[in-house]
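The sequence and the structure come first, and the text follows.

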Amino acid sequence: MGVRHSLWVILAVAWLCFRAQVLHSQEDLVCNSSDSNALLDLMSNFGSPIDGWGLDGYANNCCDWLGVVCNSSSSLGLSDGPSSSGRVVELVLASKNLAGNLSDSIGKLDQLRFLNLSHNLLKSTLPESLLHLPHLQVLDLSYNEFSGAVPKSASLPSLRAFDISENSFSGSLPAWICANSPHIQVLNLAVNSFSDVIPPGLGNCSSLQNLSLATNSLMGAISEDIFTLGRLVQLSLEENSFSGPLGSGIGNLTELVRLDISTNRFSGSLPDVFQNMKKLQYFIAQTNSFGGSIPSSLSNSPSLTFLNLRNNSLTGMIVLNCSAMSSLVSLDLGSNNFSGPVPEDLPNCQQLRTVNLARSKFTTPIPRSFKNFSSLVYLSISNSSLSNISSALEILQHCNNLTVLVLTLNYFDEELPSDVSLSFPKLEVLVMAKSRLKGSMPQWVRGCTRLQLLDLSWNSLGGTIPPWIGDFQSLFYLDLSENSFVGEIPKEITGLPALIHRNMSILEPSLDFPLFWKRTKQSGVLQYKQLTSLPRLVDLGGNSLNGSIWPEFENLKNVHILVLSNNFLSGSIPDSLSEMTSLETLNLSYNNLSGSIPSSLARLNFLSRFSVAYNNLSGPVPSGGQFLTFPYSSFIGNNLCGGRAPPCPTSPGPTNQSENHSGSADHAMSDINLGMTIGLAFGMAIGIALGTTRTVKRAPLRCASFCPVEAPVSRPVPFSKKKRHLECSPPSRASAGNCTKLRLSPRGSKANC
């Protein structure tokens, strides 16, 4: 259950309790004139009228207006009017595209209990009168554009829930709200710009159950006040700059169900106090600097269902008591400094579905006990010094529910087994990249009929690409780049259903961990939380494929990225590629293509990256559409003219072509860097590398994507159609974030990161 969902559960309960008190039928109530005037003044500051609000005809009664709920004066204990007098007790105008400011007149609605103006475009500062409503129980201003500091004079004695998340509030955290709101249960200040240390005062919110300070600029240690909030159920402190050790006082929060302290600067060892937290189900501490080992009280927790310690500096062997951890469903220990054997006890965690042990230094192969790992659905154990891929696959095939398997950066120079008896009937994602695996396309993959994503890039696989590659009904991401495949592109690829039909549903493996698609420096890093968010891709670049480009590629109307570069393809560019209407990237560079660029490609309205560099093309560059935006490097190495290429001749005669074939790498691809990588792993620091750009003449060198930050490289590379490879060795933690000393070497050697 997510934080936002839980917040709304508590808000809904508060709202229902309040609504239960509204017993008088609104049909009999006449709106109090003071409330009516306050609402009209409120609307006048929104910039546009609210449907159904006004003074004409039936709309004269504000108790009938959209989003307004009234209660009778008598039921509220008031004697300022007749029993039919209605007072506004609820105002709900969420998601109405309201813009403008919130006026001071809101403070005149002195009987207001419930106010929800969330998901609008309201801005400026909060009026002080809003924070002096004596009966207000629920205030939700989330997802707006409010800014400035929260007024310190707040006095809301009846408040139960206060949500101002997803705005631009700044200054010190408004802990003073607790001084005059002792009954508050929900305090959500997440996703703002609050800064500095947590000021004293939160301890006064003794009834608080849900506290979210996530995604601000808070720093220093966790306030000791927080450790006194004995009723806390959820505590969200992620994405700040908190530092120092996690105090042992965290163990005082015995009612806590969810604790998220991820993406901060905490250090030291995790305190061994989790035995007191008998209700804790979610502990998320990824992306900090915790060291030492996993505390015993955490590795023996019977209540824990989700444990995420990814991207820290934890050391030693992974020791978990699966007999005790009977509720554990998700385990993410990737990107630490663990060593020793692969933990054999994991199959005894009978509910465990998702496991990330990536970037460890294991001294043993995958243990045979994993044959009994029947609950396992998702496994990433990439970049972990593993060997004996034949044994690993033979063992893992017995995991009957295995859906996602990531083994990248292991088993270097081993032979990829082709044993047809291997069976992974439920596999949807298979990633075995960057391992220099030998052999051919394994026959057992054909039996993985549910595959949606297949990545065997940056290996040494040879032979032809088999025609059965087109049999997968759900395959939408195919990356076989940077191998040694030969022969023609199998025409069957052009019949992949998931790349043809836009409305075809892709089965989501329900991962607990995000997927990453890393690009080079020019285009930044994109993060995808779901498999279905990944771009539809066919990448066959960097092989030795020959023959022509099939006109039937026009069928793939759902493909976003098509890369056929660095092969030996010949013939013309099919005019029918213009029917690939979803295409965003088309890379046909470094082939032997001839003829002209079809003018119909100008109809590809989403095309943002394009290269036909270094072919045998001639004639004019299409002059319309996206072609007006492509740099000269997209066309260099041909006899093209017009557009960003040299001007076309105005009189008959041979085209004057004077392109320099010894230019820098910037001339080839620096303006349109088509080196793309996909990482499928469990943390930002361990993107799993998939590449598309071959390290040949003028193509920019790129570091493998498991380097956390890609360094720009621009220097000439000697051209050769003979295959050469650029590879990166895993970065050390000391140098994480930097890729340096790239060098091109003969196949088999490495460029260090």
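## Disulfides

Cys-31 and Cys-62 are joined by a disulfide, with an S to S distance of 1.6 Å. Cys-31 belongs to strand β1 (residues 30–31) and Cys-62 to the loop between α2 (33–44) and β2 (68–72), so the bond ties together parts that are 31 residues apart in sequence. The structure described here is a predicted model. The torsion about this S-S bond, between Cys-31 and Cys-62, is about 60°, so the disulfide is right-handed. Cys-31 and Cys-62 are both buried.

A further disulfide connects Cys-63 to Cys-70, at an S to S distance of 2.2 Å. Because the torsion about the S-S bond of Cys-63 and Cys-70 is about -100°, this disulfide is left-handed. Both of its cysteines, Cys-63 and Cys-70, are buried.

Cys-178 and Cys-205 also form a disulfide, and their sulfur atoms are 1.8 Å apart. Here the torsion about the S-S bond is about -100°, so the disulfide of Cys-178 and Cys-205 is left-handed. This pair links distant parts of the chain, 27 residues apart: Cys-178 is in the loop between β10 (168–171) and β11 (186–188), while Cys-205 is in the loop between β12 (193–196) and β13 (210–212). Cys-178 has 1% relative accessibility and therefore counts as buried. Cys-205, at 0% relative accessibility, counts as buried too.

| Disulfide | S to S distance | Torsion about S-S |
|---|---|---|
| Cys-31 to Cys-62 | 1.6 Å | about 60° |
| Cys-63 to Cys-70 | 2.2 Å | about -100° |
| Cys-178 to Cys-205 | 1.8 Å | about -100° |

How many disulfides are there, and what is their pairing in sequence order? The count comes to five disulfides. With the bonded cysteines of the protein numbered in sequence order, the pairing is 1-2, 3-4, 5-6, 7-8, 9-10.

Cys-399 counts as buried because its relative accessibility is 3%. Cys-448 has a relative accessible area of 0%, so this residue is buried.

## Parallel sheets

Strands of a sheet pair through backbone hydrogen bonds, either parallel or antiparallel. Gly-244 has Phe-266 in β18 as its bridge partner.

An open sheet of three strands has the order β22-β24-β26, again with parallel pairing. The edge strands of this sheet are β22 (315–316) and β26 (361–362), and each pairs on one side only. β22 pairs with strand β24 (residues 337–340) in the parallel sense, over two bridges. The bridge partner of Gly-316 in β24 is Phe-338.

## Aromatic rings

A pair of aromatic rings is described by the distance of the centres and the angle of the planes. The count of aromatic pairs comes to 16. One of them is the stacked pair of Phe-146 and Phe-169, at 6.1 Å centre to centre with 15° between the planes. This pair links distant parts of the chain, with Phe-146 in strand β8 (residues 145–148) and Phe-169 in strand β10, 23 residues apart. Both Phe-146 and Phe-169 are buried.

Phe-242 and Phe-266 form a stacked aromatic pair as well, at 6.2 Å centre to centre with 20° between the planes. Phe-242 is in strand β16 and Phe-266 in strand β18, so the pair ties together parts that are 24 residues apart in sequence. Phe-242 has 0% relative accessibility and so counts as buried. Phe-266 is buried, with a relative accessible area of 0%. Phe-266 is also the bridge partner of Gly-244.

An aromatic cluster is formed by Phe-610, Phe-627, Phe-630 and Phe-635.

## Charges over rings

Which residues have a charged end that sits over a ring? The charged end of Lys-152 sits over the ring of Trp-176, 5.4 Å from the ring centre. The charged end of Arg-536 sits over the ring of Phe-476, 4.4 Å from its centre.

Definitions and conventions:
Residues are numbered from 1 along each chain as its sequence is written. This is a predicted model: local features need pLDDT of at least 70, side-chain atom pairs count only at pLDDT 80 or more; totals for chains, interfaces and linings use all residues. Side-chain values use heavy atoms; hydrogens and water are left out. Two strands pair if DSSP finds at least two bridges between them. Helices (H or I, at least four residues) and strands (E, at least two) are DSSP runs, numbered from the N terminus. A disulfide is a pair of cysteine sulfur atoms within 2.5 Å. Buried means under 20% relative accessible area, exposed over 50%, partly exposed in between (1.4 Å probe, protein chains only). Rings of Phe, Tyr and Trp (its six-membered ring) pair if their centres lie within 6.5 Å; planes under 30 degrees apart count as stacked, over 60 as edge-to-face and the rest as tilted. A charge sits over a ring if NZ of Lys or CZ of Arg is within 6 Å of the ring centre and within 35 degrees of the ring normal.
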